[in-house]
Amino acid sequence: MNINWYPGHMKKTKEALQKNLKLVDVVIELLDARIPMSSRNPEIDNIVGDKNRIIILNKRDLSDENLNNIWVEYFDKKGIKTILIDATNKKDIKKLINTIKESMKEKIEKLKSKGIKNRPIRAMIVGIPNVGKSTLINSLAGRKSAKTGNRPGVTKGNQWIKLKGNLELLDTPGILWPKFEDQKTGLNLAFTGAIKDEIMDIETLALRLVERLIKNASKDLENRYNIEVGEAEPLGVLEEIAVKRGAIMKGKEVDYTRVAHILLDEFRRGIIGRITIETPEDL
Ligand code: G4P
């Protein structure tokens, strides 16, 4: 998947999204708990307006537990109900359904007082690529897989998925574009795989990740690769990882491409540790 988010594309996406927004009572904004800010669309407040909204920090199984709570508090303070989930965890899915119902209590009461009973509450999921929209829709729908597709503005004729508790979910997520405001955001998105590896060559990307991990998660790095980080430079650390993992070519030269793939892949899958690379203090 590689969407080129030129301005025309963003405009089309926004228009398609706003059309669908009219159909729903509540918007579920999905973020990646490892990079809650970088995975947030910069125009989301403007797009959603005053429609009821819930923020979901997804992939909580990959992110740092302490920082998870700090981020929930951060968004709660902004007045948006926020919860943590792992989109593949059944208990978390139940928790989400309850949160949606809870957030709609007032509206349901209002409808009741007007004599409208059993009108389903309709929701849709929005988020940038890779935050877990398809996974969440599939989990909510109780189906195994089926990618919902990442093409903005492409709808498959909007189907409603019936959920427990008189809820209905739009089967097509709203695809938002990521921020491209600064290099740090771009790097965060690339580290987690939200934008593919073309913002820079993979070796440089891995080197930048090592640099970040030395700062934020040096213990995890040491434990995973059985190395001493100490005062070492990022390149030295990357080379040590290469040696430990046998990413060495003939003539004992480091295979930078291979070690870069190993490091990025293991980081993305949470194997190095549960690491959040963005804190509210970075803002
Ligand atoms: P999208 O529709 O928003 O683009 O995201 P999608 O559901 O395709 O999810 C992107 C990747 O993130 C997938 O991995 C998916 O399995 C993974 N993912 C989604 N939610 C969670 C979560 O809560 N925890 C964890 N650990 N992973 C999650 P992939 O490697 O791209 O594909 P695959 O492994 O599912 O084949």
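**Domain interface and ligand site**

By class, the face of domain 1 that touches domain 2 holds nine nonpolar, three polar and five charged residues. Here Ala, Val, Leu, Ile, Met, Phe, Trp, Tyr, Cys and Pro count as nonpolar, Asp, Glu, Lys and Arg as charged, and the others, Gly among them, as polar. The model is predicted: local features need pLDDT of at least 70, side-chain atom pairs count only at pLDDT 80 or more, and totals for chains, interfaces and linings use all residues. Residues are numbered from 1 along each chain as its sequence is written, and side-chain values use heavy atoms, with hydrogens and water left out.

**View 1. The two domains.** The assignment, automatic or from a database, gives domain 1 (8–171) and domain 2 (201–282). Their centres, taken over C-alpha atoms, are 33 Å apart.

**View 2. The buried area.** Domain 1 and domain 2 bury about 1,100 Å² between them (accessible area lost on being put together, 1.4 Å probe, summed over both). Carbon and sulfur atoms carry 53% of it. Arg 34, Leu 62 and Trp 71 supply 44% of the area that domain 1 buries against domain 2, more than any other three residues.

**View 3. The salt bridge.** The rule finds one salt bridge across the interface: a side-chain nitrogen of Lys or Arg within 4 Å of a carboxyl oxygen of Asp or Glu. Arg 274 pairs with Glu 65 in a salt bridge, closest N and O atoms 4.0 Å apart.

**View 4. The ligand.** An oxygen atom of the ligand is 3.0 Å from a side-chain N or O atom of Lys 59. A backbone N or O atom of Ser 134 lies 2.9 Å from a ligand oxygen.

Terms used
Buried area = accessible area lost by both parts, 1.4 Å probe. Polar contact = N/O pair within 3.5 Å; in protein donor to acceptor, adjacent residues only side chain to side chain.
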